[in-house]
Amino acid sequence: MSHDTKTKLVYMANQIATFFKSQPESEAAQGVALHINKFWEPRMRRQLFEILEKEENGLDALVLQAAPMIRKPEAKTNQVR
């Protein structure tokens, strides 16, 4: 994953978190996770989990709180047909 792709995904996730901070605190993290699960394709979510593995990832605390509720895509396999 290129640095540029990582930067864009972090930016997008943090924008989503910024929006949901206007929601009641009890619903904000769930809203972030629901949005990412609904609108991000598996490849983007897979890359987000790669970013989450890094300690200094630049993600907003609300994204980190939502992470356990985000569906982790199946591992990418290289199947030859």
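Biologist: Which helices do the buried residues of α2 pack against?

Modeller: In this predicted model, they pack against α1 (3-20), α3 (42-52) and α4 (61-66). The buried set of α2 consists of Ala28, Ala29, Gly31, Val32, Ala33, Ile36 and Asn37.

Biologist: Why do residues three or four places apart point the same way in an α-helix?

Modeller: An α-helix has 3.6 residues a turn, so residues at that spacing end up pointing the same way. Here, α2 covers residues 25-39, which is 15 residues. From first C-alpha to last, α2 reaches 22 Å, close to the 21 Å expected at 1.5 Å a residue.

Biologist: Okay, now the packing. What angle do α1 and α2 make, and how far apart are their axes?

Modeller: The angle is about 140°, and the axes lie 9 Å apart. Angles over 145 degrees would count as roughly antiparallel, so α1 is oblique to α2. As for handedness, the crossing of the two helices is right-handed.

Biologist: Which residues make that contact?

Modeller: On the α1 side you have Ile16, Ala17 and Phe20; α2 brings Ala28, Gly31, Val32, His35 and Ile36. Sort the residues of this contact by type and you get 6 nonpolar, 2 polar and no charged.

Biologist: And asparagine 14, is that buried or exposed?

Modeller: Asparagine 14, in helix α1, has a relative accessible area of 18%. Buried means under 20%, so asparagine 14 is buried.

Biologist: What does asparagine 14 touch, leaving aside neighbours within four places in sequence?

Modeller: Asparagine 14 is then in contact with Gly58, Leu59, Asp60 and Val63.

Key
Residues numbered from 1 in each chain as written. Predicted model: local features only at pLDDT ≥ 70, side-chain atom pairs only at ≥ 80, totals over all residues. Heavy atoms only, no water. Helix = DSSP H or I, 4+ residues; strand = E, 2+ residues; numbered from the N terminus. Expected span 1.5 Å × (residues − 1). Buried < 20%, exposed > 50% of the residue type's maximum accessible area, 1.4 Å probe, protein only. Contact = heavy atoms within 4.5 Å. Axes fitted to C-alpha atoms, helices over the stretch in contact; angles between N-to-C directions. Parallel < 35°, antiparallel > 145°, perpendicular 65-115°, else oblique. Left-handed = near helix turned anticlockwise from the far one by under 90°. Nonpolar A, V, L, I, M, F, W, Y, C, P; charged D, E, K, R; others polar.
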